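Hi everyone, thanks for making time.

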Amino acid sequence: MIEVSLVLLAGVAAGVLNAMGGGGTFVAMPALVAFGLSPVTANAVSRVALVPGAVAGAWVYRRELTPVGPTSTKALTAVSAMGGGVGAGLLLVLPASSFDAAAPWLLAFATVVLAFGRHLSRALSSVLGRSVGMSSRAVLIGQFFLAVYGGYFGGAVGIMMLALWSIGLG
């Protein structure tokens, strides 16, 4: 019973983190692995469990949605859905051992982006003397690859999108 209570508490903490700005997978997935689920199953369960909060957040902020730089919201949504589908497909067809091997590196990558994304953006802007100014095509390509990452792994993908957009669009 205590394990279930701890997983429930981790789920609530993950939901709160996602509602405040993202990163709930960093709590939910390790808790589920500690509870005994395989990393692939823990990833899938945490992604599905966090969907209601994501849908509620999207609904609440629906009037705040704006195009990203020169890219329309519809194009960004379509590319995100395609990339997410590719990532989910990869999760289904690749062996679980590849996810087991990739997961720590994906967590490390997301952590580095979280820790140094703003610094990288400032450094690039300082070196260039302006913001990077990604084209609509570059935003869509970057978004596609982030969506593949999100469909496959998902940890901190929203924060990574914000990092890409802030680095690429100032």
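Let's start where two helices touch: Phe109, Ala110, Val113, Leu114, Gly117, Leu120, Ser121 and Leu124 in α5 meet Ile159, Met160, Ala163, Ser166 and Ile167 in α7. Contact here means heavy atoms within 4.5 Å. By class, this contact of α5 with α7 holds 10 nonpolar, 3 polar and no charged residues. For the classes, Ala, Val, Leu, Ile, Met, Phe, Trp, Tyr, Cys and Pro are nonpolar, Asp, Glu, Lys and Arg are charged, and the others, Gly among them, are polar.

Before going on, a word on what you are seeing. This is a predicted model, where local features need pLDDT of at least 70 and side-chain atom pairs count only at pLDDT 80 or more, while totals for chains, interfaces and linings use all residues. Residues are numbered from 1 along each chain as its sequence is written, and side-chain values use heavy atoms, with hydrogens and water left out. pLDDT is the predictor's confidence in each residue, from 0 to 100. The mean for the protein is 83, and 98% of its residues reach 70 or more. Confidence is lowest in α7, with a mean of 77, and highest in helix α4 (residues 73-93), at 93.

Now the overall picture. The protein has 7 helices and 0 strands; these are DSSP runs numbered from the N terminus, helices being H or I of at least four residues and strands E of at least two. The C-alpha trace spans about 55 × 35 × 30 Å along its principal axes.

Back to our pair. Helix α5 (residues 96-128) and helix α7 (residues 157-169) pack at about 15°, with axes 9 Å apart. Axes are lines fitted to C-alpha atoms, for helices over the stretch in contact, and angles run from 0 to 180 degrees between N-to-C directions. α5 and α7 are therefore roughly parallel to each other. Angles under 35 degrees count as roughly parallel, over 145 as roughly antiparallel, 65 to 115 as roughly perpendicular, and the rest as oblique.

How do α2 and α3 cross? The axes of helix α2 (residues 25-35) and helix α3 (residues 39-60) come within 8 Å and cross at roughly 135°, so α2 and α3 are oblique to each other. Among the residues making this contact are Met29 and Leu32 of α2, and Val45 and Leu50 of α3. The contact of α2 with α3 divides into 8 nonpolar, 3 polar and 1 charged.
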